[in-house]
Amino acid sequence: MDHVSPVDPFVEARLRMVAEQLRDRGIRDERVLQAMATVPRHEFVPPEAWGKAYEDHPLPIGEGQTISQPYIVAFMIEALGAEAGDTVLEIGTGTGYEAAVLSRIAARVLTVERVASLAMRARENFARLGYGNIVASVGDGSEGLPQSAPFKRIIVAAAAAAIPGSLLQQLDDNGKLVLPVGSADLQELQLLHKVGGQFTRTNLGGCRFVPLIGP
Ligand code: SAH
């Protein structure tokens, strides 16, 4: 079964989040809705923010970084369209919430975070909550993870000024990459689909993420 403590006081708040912020706003993928109904988002934010963990906005997680708004996490994962057997590469672990959601949908999640203290906290979260199919590493995710490439699915939780070439290279044929692209205050969420060595690009709308910090 899923890793929710039997005394989880936030079950109701979480189900309300799924109903009102996700389903009512057009998220349709039942795998995403189910995953977000089970992953305890409060466990990924500092205790003083638990009361706000299921509200409709991003939250600070330390080191100047944020955990994304639940709707954005759902929207991106739905667009990614990961399947049960996939290995997903995630760039920008933060405290690991999005990786945890992905781990309920895909077979395995490899996630990369450049801030070592955040990666360590994410690893503790995965261990404590029993998410055994996530491997978290520290490094510059704009270089991808060449030793484990290619990937059918890549998702990026920080905005790059331009799409990193290594991520495009590490995408498998028929692979999908979802990422925010743009400057600090003007970003577009993009979906790239690779078919026969060619990329098609879909603009999924405006968004606002912390910057992807390169080398
Ligand atoms: N997915 C996270 C959200 C993290 S916010 C969650 O669900 O909580 C984006 C994260 O990207 C930050 O933690 C930031 O440190 C990280 N980041 C920024 N540039 C990066 C890079 N080049 N490689 C890896 N991580 C990066």
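## Helix packing, cores and backbone exceptions

Among the elements that cover the buried residues of helix 1 are helix 2, helix 3 and helix 4. This description rests on a predicted model.

Helix 1 comprises twelve residues and extends 16 Å between its first and last C-alpha, close to the 16 Å expected at 1.5 Å a residue. Its buried residues are R14, M17, V18, Q21 and L22. Because these residues cover an arc of only 110 degrees around the axis, they lie on the same side of helix 1.

The axes of helix 1 and helix 3 come within 10 Å and cross at roughly 70 degrees. That angle makes helix 1 roughly perpendicular to helix 3. In this pairing, M17, Q21 and L22 of helix 1 meet P70, Y71 and A74 of helix 3.

L118, A119, A122, N125, F126 and L129 are its buried residues. Since they cover an arc of only 115 degrees around the axis, they are placed on the same side of helix 5. The cover over the buried residues of helix 5 includes strand 1, strand 2, helix 4, strand 4 (108–113) and strand 5.

Within helix 5, A119 counts as buried because its relative accessibility is 1%. Leaving aside residues up to four places away in sequence, A119 touches E113 and V138. A119 and A136 are 17 residues apart in sequence, and their C-alpha atoms are 6.7 Å apart in space. Just after helix 5, G130 adopts a positive phi of about 80 degrees.

The largest nonpolar core contains 52 residues, and those with the most contacts inside it are L22, M36, F44, I77, Y97, F126 and Y131. Two or more residues are contributed by each of helix 1 (11–22), helix 2 (30–38), strand 1 (59–62), helix 3 (70–80), helix 4 (97–103), helix 5 (116–129), strand 5 (134–138) and strand 8 (187–195). Helix 3 supplies the largest share of this core, eight residues. A second, separate core has 18 residues, including L110, L145, V156 and I163.

Most residues other than glycine have a negative phi, and most peptide bonds are trans.

| Residue | Phi | Location | Relative accessibility |
|---|---|---|---|
| N174 | about 65 degrees | strand 7 (residues 171–182) | 44% |

P150 is located in the loop between strand 5 and strand 6 (151–156).

How values were computed: Residues are numbered from 1 along each chain as its sequence is written. This is a predicted model: local features need pLDDT of at least 70, side-chain atom pairs count only at pLDDT 80 or more; totals for chains, interfaces and linings use all residues. Side-chain values use heavy atoms; hydrogens and water are left out. A nonpolar core is a set of buried Ala, Val, Leu, Ile, Met, Phe, Trp, Tyr and Cys residues joined through side-chain atoms within 4.5 Å. Buried means under 20% relative accessible area, exposed over 50%, partly exposed in between (1.4 Å probe, protein chains only). Helices (H or I, at least four residues) and strands (E, at least two) are DSSP runs, numbered from the N terminus. The expected span of a helix is 1.5 Å times one less than its number of residues. The arc is that of the directions from the helix axis to the C-beta atoms. Contact means heavy atoms within 4.5 Å. Axes are lines fitted to C-alpha atoms, for helices over the stretch in contact, and angles run from 0 to 180 degrees between N-to-C directions. Angles under 35 degrees count as roughly parallel, over 145 as roughly antiparallel, 65 to 115 as roughly perpendicular and the rest as oblique.
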